[in-house]
Amino acid sequence: MNLFLFSGRAVRMLTTLCLLSITVGCGGSIHPDYSQLGLVDVSGTVTLDGQPLSGAEVAFEAPDGTYSSGVTDSSGNFDLMFNTEKSGCLTGEKTVRIRMAGNPEGMGEAPDDAGNSDEGGKQKPAPGKIPAAYNQDSTLKATVDADHTSFQFDLKSNP
């Protein structure tokens, strides 16, 4: 019986010590310092066939795979976020990827969609869907710096 009480007390003590060490941590809450990153606020507009594209995710991706992203509003406007709390984008050459939010490929429905092929039988994107040339196989490029912070992307259903 004493062994059981000791074990329960030991477990509670160990748990208390662990919680205390986590609470004390490295000196309190984390407040990242973004000032050294040189972030630039980036915004723009996306249209598809001349119409504002709503609900599209726009990502500016660096060669190392890091990126900033945003989602277009009903007017096709977007603002990039560096992460969930900080707006902006690192400067440099970027590959721009635009896809419908919630759709990794950004494309229309399955290839057998009725009436969704051109005269040659080639699959056309469904209305409001984005061709691969603008997302996974993106040819869109942008240079972000202090003088280049606003971008317009006029996408075509058949690029």
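Modeller: Keeping in mind that this is a predicted model, you can find an open sheet of four strands, which run in the order E4-E3-E6-E7 with antiparallel pairing. Its edge strands are E4, covering 67-71, and E7, and each of these pairs on one side only.

Biologist: By how many degrees are neighbouring strands turned against each other on average?

Modeller: The average for neighbouring strands of this sheet is 30°, with direction ignored.

Biologist: And how many bridges are there between E3 and E4?

Modeller: There are five bridges between E3 and E4, in the antiparallel sense; one of the residues to look at is Ala59, whose bridge partner in E4 is Ser69.

Biologist: Switching topic, which residues have the most contacts inside the largest nonpolar core?

Modeller: Those are Phe60, Ile98, Phe153 and Leu155, in a core that has 22 residues. Two or more residues of this core come from each of the strands E1 (43-48), E3 (56-61), E6 (92-100), E7 (141-144) and E8 (150-155).

Biologist: What about Asn135, where does that lie?

Modeller: Asn135 lies in the loop that runs between E6 and E7.

Biologist: Is Asn135 buried or exposed?

Modeller: Asn135 counts as buried, because its relative accessible area is 3%, and the cut-off for buried is under 20%.

Biologist: Which backbone oxygen lies 3.1 Å from a polar atom of its side chain?

Modeller: That is the backbone oxygen of Pro131, at 3.1 Å from a polar side-chain atom of Asn135. Coming back to Ala59, its C-alpha atom is separated by 9.1 Å from that of Asn135, although the two residues are 76 residues apart along the chain.

Definitions and conventions
Residues are numbered from 1 along each chain as its sequence is written. This is a predicted model: local features need pLDDT of at least 70, side-chain atom pairs count only at pLDDT 80 or more; totals for chains, interfaces and linings use all residues. Side-chain values use heavy atoms; hydrogens and water are left out. A nonpolar core is a set of buried Ala, Val, Leu, Ile, Met, Phe, Trp, Tyr and Cys residues joined through side-chain atoms within 4.5 Å. Buried means under 20% relative accessible area, exposed over 50%, partly exposed in between (1.4 Å probe, protein chains only). A polar contact is a pair of N or O atoms within 3.5 Å; within protein, one must be able to donate a hydrogen and the other to accept it, and residues adjacent in sequence count only if both atoms are side-chain atoms. Two strands pair if DSSP finds at least two bridges between them. Axes are lines fitted to C-alpha atoms, for helices over the stretch in contact, and angles run from 0 to 180 degrees between N-to-C directions.
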